[in-house]
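Thanks for asking me to look this one over. My notes are below, as numbered points you can check against the viewer.

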Amino acid sequence: MKTQMTLAAAAVLLGTVVTPALAQDKIKLGVIVTLSGPAAALGQQVRDGFALAVKDLGSKMGGRDVEVVVVDDELKPDAAVTKVKGLLEREKVDFVVGPIFSNILQAIHRPITESKTFLISPNAGPSTFAGKDCNPFFYVTSYQNDQVHEILGKVAQDRGYKRMYLMVPNYQAGKDSVAGFKLDYKGEIVEESYMPLNTLDFQPELSKISSQKPDALFTFMPGGLGVNLVKQYRQAGLADTIPVLSAFTVDESTLPAQQDAAVGMFGGANWAPNLDNPQNKKFVAAYEAAYNIVPGTYAFQAYDAAMLIDSAVKAVKGDLSNKDAVRAALKKADFTSLRGTFKFNTNGYPIQDFYLTKVAKRPDGKFQTEIVQKVFENYGDRYAKDCKAAN
């Protein structure tokens with residue numbers, strides 16, 4: 001007699017219990033980042049930091065094999081939505097990790113969270129989803145965008161800079177950066193300039209900076225924007241007379257191209273390669289050995305994103321069918337962050353320490369950011385109080 005038995009029926013006969021996890025295939029993780037154009041270096045750091053974490057986990061999470069599917073959002077919102085739909089509908093990923101830029105996050109957030117798929121951002125952290133529009137399927141391993149810029153506003157205020165020139169890209173993260181800077185800075189802003197995302201020539205702005213002679217420049221120019229700005233700023237002779245306080249402008253993704261032009265420029269960050277703890281030292285050494293470059297915040301936050309997902313999968317014993325249980329496990333964040341102190345706020349954004357950093361040239365000739373001082377400790381963002389999501 002030909003009899004077909006289901007896996008569950010066979011398990012009853014054998015006196016064993018089959019959990020849903022055992023009946024499932026690999027855990028599929030979709031990574032969507034910018035991998036083309038001037039900002040590709042940022043996406044590469046996320047991709048590689050995440051891959052290093054998966055390798056360190058033995059390509060398993062909660063006892064289940066892991067498959068990572070990486071796609072390029074091309075820094076185009078429409079393209080990103082199409083790529084995300086492919087991850088959700090064709091690849092049927094269990095988690096989506098990404099993106100780099102906040103305008104891309106705003107485009108993909110809704111289709112991902114409405115599908116009840118968990119979205120873990122290793123970089124973009126706009127104010128949009130930190131307050132009343134927070135979402136229980138959205139978690140951030142970086143920061144709320146304002147916070148990194150708040151560092152520079154507080155430093156400018158504490159150092160007595162009375163006149164500041166502000167220059168940022170004209171998109172949501174740029175607007176968030178200005179809002180963050182202004183929280184603690186109470187001096188005069190001589191210019192507030194919003195630049196197109198495709199800007200290559202900063203000479204008109206540099207001429208205005210030279211003529212207005214502010215006490216310092218605050219800027220947020222990620223990726224290729226930062227490479228061009230820093231080189232042109234140094235060539236214009238401004239670096240030695242008007243200090244630069246920046247975020248994501250001089251970091252490990254841009255320093256290989258900027259090199260000596262960036263030395264001495266300040267940044268704000270939640271981490272630096274020289275942060276002194278055992279897990280970070282191990283990570284930095286492993287990343288440099290694997291990719292022959294110094295890791296930046298993009299890489300470390302992606303590493304933490306993988307470890308966060310792993311902690312949740314372990315907590316539910318590989319069974320991802322109970323979304324509430326997975327959500328609770330993610331919120332607990334039961335893993336050792338490379339930054340040390342880390343926990344989630346009510347809105348799924350981190351509570352953590354923040355630092356002023358400075359670009360230095362290492363004895364081996366490589367460039368990295370190094371911690372100058374801690375500016376904020378166990379700091380949560382100001383929007384969390386408005387979040388009502390059941391995180």
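1. A word on terms before the counts: helices here are DSSP runs of H or I with at least four residues, strands are runs of E with at least two, and both are numbered from the N terminus. On that basis the protein chain of this predicted model holds 12 helices and 14 strands. Its radius of gyration is 22 Å, close to the 21 Å from the globule rule for 391 residues, so the chain is as compact as a globular protein of that length.

2. Some whole-chain values may be handy for your own checks. The C-alpha trace spans about 90 × 45 × 35 Å along its principal axes. Of the 391 residues, 57% are buried. Among contacts with a separation of 6 or more, 73% link residues 24 or more positions apart. The accessible surface is about 16000 Å², and carbon and sulfur atoms contribute 51% of that.

3. Now to the open sheet, where six strands follow the order 2-3-1-4-5-6 with mixed pairing. Strand 2 (60-61) and strand 6 (138-140) are the edges; each has a single partner strand, so one side of each lacks a neighbour in the sheet. Helix 12 (residues 323-332) packs on this sheet and touches strand 4 (95-97), strand 5 (118-121) and strand 6. The direction of helix 12 makes about 15 degrees with that of strand 5.

4. Which residues of helix 5 are buried? The list includes Asn145, Asp146, Gln147, His149 and Glu150, along with Val148, Ile151 and Leu152. In total 11 of the 14 residues of helix 5 (residues 145-158) are buried, so the rest of the structure largely encloses this helix. After helix 5 comes Gly160, which has a positive phi, near 75 degrees.

5. Strand 7 (residues 163-169) is worth a look too: six of its seven residues are buried, leaving the strand mostly covered. Strand 7 pairs in parallel with strand 8 (residues 188-195) over seven bridges. The link from strand 7 to strand 8 goes through helix 6 (residues 172-184), as a right-handed β-α-β crossover. Strand 7 also runs parallel to strand 9 (residues 216-220), joined by four bridges.

6. What stands opposite Met167 in strand 9? That residue is Thr219, while in strand 8 the bridge partner of Met167 is Ser193.

Conventions. Residues numbered from 1 in each chain as written. Predicted model: local features only at pLDDT ≥ 70, side-chain atom pairs only at ≥ 80, totals over all residues. Heavy atoms only, no water. Pairing = 2+ DSSP bridges. Contact = heavy atoms within 4.5 Å. Axes fitted to C-alpha atoms, helices over the stretch in contact; angles between N-to-C directions. Buried < 20%, exposed > 50% of the residue type's maximum accessible area, 1.4 Å probe, protein only. Right-handed = clockwise from strand over helix to strand, strands pointing away. Rg over C-alpha atoms; globule rule 2.2 N^0.38 Å. Areas by Shrake-Rupley, 256 points an atom, 1.4 Å probe, with all protein chains shown as cover.
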